[in-house]
Amino acid sequence: MNIDFYERIWMWAAGVIIAVFIAVIGLSTVAYGLHPPSHVETIEPSKVFTDPRFSKLGQPVELPDGTIEVQMAALMFSFAPNEVRVPAGRRVRFRLTSADVTHGFMISGTNANTMLVPGYISQFTTVFTRPGDYLIVCHEFCGNGHHIMSGRLIVEDAK
Ligand code: CUA
């Protein structure tokens, strides 16, 4: 088969570009430990409410480094607890999971946004700079009551 010289160059160029992209994805996955959201920590969904890692539902705990840890569970069709209070300007670590199906967790007006997949613990840390009343919504369709599944986050002025 006769392939034009310039055609040949561009075929090789396209091949090299694809190989470079795949190498970048592969190397960065290993180098930065990329994986699904949060660190992959598992939990038995039916035992969420007796698991010691979720024994402080609704009671924010201050960790030794000053971070406030908030544990919450999602279940059709509410969050446990439905209302959480945290101080403004502090690091807040959310530890979240689902006791039944896949739910979403988004705090409107902030960068807090994750999925709650049964069997896994989602964790992220953020800082709320503005005191106020924030709406927590489930943004993954989880059943007939999905549209009423919400909670409240109250960010208090730390003073
Ligand atoms: Cu829970 Cu939608």
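Which residues does H103 touch, not counting residues up to four places away in sequence? In this predicted model, where contact means heavy atoms within 4.5 Å, H103 touches A74, L75, M76, S98, M115, L116, C138, E140, C142 and M149. The model is predicted, and local features need pLDDT of at least 70, side-chain atom pairs count only at pLDDT 80 or more, and totals for chains, interfaces and linings use all residues. Residues are numbered from 1 along each chain as its sequence is written, and side-chain values use heavy atoms, with hydrogens and water left out.

H103 lies in strand β7, which covers residues 103-107; helices (H or I, at least four residues) and strands (E, at least two) are DSSP runs, numbered from the N terminus. With a relative accessible area of 0%, H103 is buried, a term that means under 20% relative accessible area, whereas exposed means over 50% and partly exposed lies in between (1.4 Å probe, protein chains only). The side chain of H103 is also joined to that of D100 by a polar contact of 2.7 Å, that is, a pair of N or O atoms within 3.5 Å of which, within protein, one must be able to donate a hydrogen and the other to accept it, residues adjacent in sequence counting only if both atoms are side-chain atoms. Two cysteines touched by H103, C138 and C142, are themselves buried, C138 with a relative accessible area of 6% and C142 with 7%. The structure holds 0 disulfides, a disulfide being a pair of cysteine sulfur atoms within 2.5 Å.

The protein as a whole contains 1 helix and 11 strands, and buried residues make up 35% of its 159 residues. Of the contacts with a separation of 6 or more, 62% are between residues 24 or more positions apart. Along its principal axes, the C-alpha trace spans about 70 × 40 × 30 Å.

In soluble globular proteins, nonpolar side chains tend to be buried together.
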